[in-house]
Amino acid sequence: RLGLIYPMMDEAYFFLAFGSGELGQMKQSREYFEALAKRFPDSTYVGEANYQLGESAYRDLQYRKALGYFQLAVNQSPPELLPRILHKLAWTHYRLKNDGEAIQTMKRAIDASSKSGEKYLSLREEALRDMAVFMTETGQVDQALAYFKEVAADKTYYPRVLEKLGKQYERNAEPQKAAHVYESLLKTNADSDAAFRVRVKLVDLDLRRGRWSEALGRIRGVSI
């Protein structure tokens with residue numbers, strides 16, 4: 001009531017914020033994180049508080065607001081916590097159609113997770129798959145090939161990710177996106193076994209969308 005600040009109060013706010021979240025009291029949790037960030041800007045917990053506030057805004061589809069919180073968290077957090085923050089920041093840029101920023105930030109997330117040993121191995125793999133999505137959807141197939149050859153040390157990594165991504169779009173009933181991904185895969189290696197499978201997939205997608213002449217053209221271009 002008197003505005004007094006006692007030692008370790010920031011830790012108490014942090015505990016209450018997380019505890020409230022675990023109990024499903026998300027509004028209360030957010031209010032504690034907001035209080036922590038406002039009252040204790042120099043706290044070791046402030047980076048995590050802003051990250052959690054960013055997560056809350058992201059879940060509510062408030063991407064512009066989330067962007068601000070995640071950017072604060074990046075500047076306030078130690079290096080060992082950066083991979084997951086950068087990963088979510090990259091996705092926020094992607095949702096806001098900031099394609100260039102999304103790709104550059106995802107590269108930072110991959111680089112940071114690579115430097116963190118085994119702790120972020122699964123996050124690194126997820127970020128690499130996400131990078132394939134970002135670069136493919138923006139038409140940067142040649143750049144993606146060069147990037148994945150360098151970072152993943154495997155020239156087949158990107159084509160394999162593309163094939164999985166295409167299948168996922170098919171399962172999600174997004175034939176146009178699936179076709180775009182498969183077309184991108186053909187540009188990476190037109191003579192591979194995967195390329196033949198993809199041509200069959202593209203013919204099937206064309207037929208399902210009533211694109212008869214396109215399907216016929218593909219069939220004529222396939223060597224059996």
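Modeller: A nonpolar core is a set of buried Ala, Val, Leu, Ile, Met, Phe, Trp, Tyr and Cys residues joined through side-chain atoms within 4.5 Å. Buried means under 20% relative accessible area, exposed over 50% and partly exposed in between, with a 1.4 Å probe and protein chains only. The model is predicted: local features need pLDDT of at least 70, side-chain atom pairs count only at pLDDT 80 or more, and totals for chains, interfaces and linings use all residues. Residues are numbered from 1 along each chain as its sequence is written, and side-chain values use heavy atoms, with hydrogens and water left out.

Biologist: Which residues have the most contacts inside the largest nonpolar core?

Modeller: They are M106, I110, M131, F134, F148 and Y158, in a core of 51 residues.

Biologist: What does Y158 touch?

Modeller: Leaving out residues up to four places away in sequence, Y158 touches A132, T136, V141, A144, L145, F148 and T188; contact means heavy atoms within 4.5 Å. Another core, of 12 residues, lies apart from the largest one and includes F14, L36, A37 and Y69.

Biologist: Turning to aromatics, how many pairs are there?

Modeller: The structure holds 14 aromatic pairs. Rings of Phe, Tyr and Trp (its six-membered ring) pair if their centres lie within 6.5 Å; planes under 30 degrees apart count as stacked, over 60 as edge-to-face and the rest as tilted. The ring centres of Y13 and Y32 are 6.1 Å apart and the planes stand at 65°, so this pair is edge-to-face.

Biologist: Where do Y13 and Y32 lie?

Modeller: Y13 is in helix α1 (residues 9-22) and Y32 in helix α2 (residues 26-39), so the pair ties together parts 19 residues apart in sequence. Helices (H or I, at least four residues) are DSSP runs, numbered from the N terminus.

Biologist: Are they buried or partly exposed?

Modeller: Y13 counts as buried, at 15% relative accessibility, whereas Y32 is partly exposed, at 22%.

Biologist: And which residues form an aromatic cluster?

Modeller: F14, F18, F33 and Y45 form one.

Biologist: Now the backbone. What is the phi of K97?

Modeller: K97 has a positive phi of about 65°, although it is not a glycine. Most residues other than glycine have a negative phi. K97 is found in the loop between α5 and α6 (99-114) and counts as exposed at 67% relative accessibility.

Biologist: What about A173?

Modeller: Phi of A173 is also positive, near 60°. A173 lies in the loop between α9 and α10 (175-188) and, at 62% relative accessibility, counts as exposed.

Terms used
Helix = DSSP H or I, 4+ residues; strand = E, 2+ residues; numbered from the N terminus.
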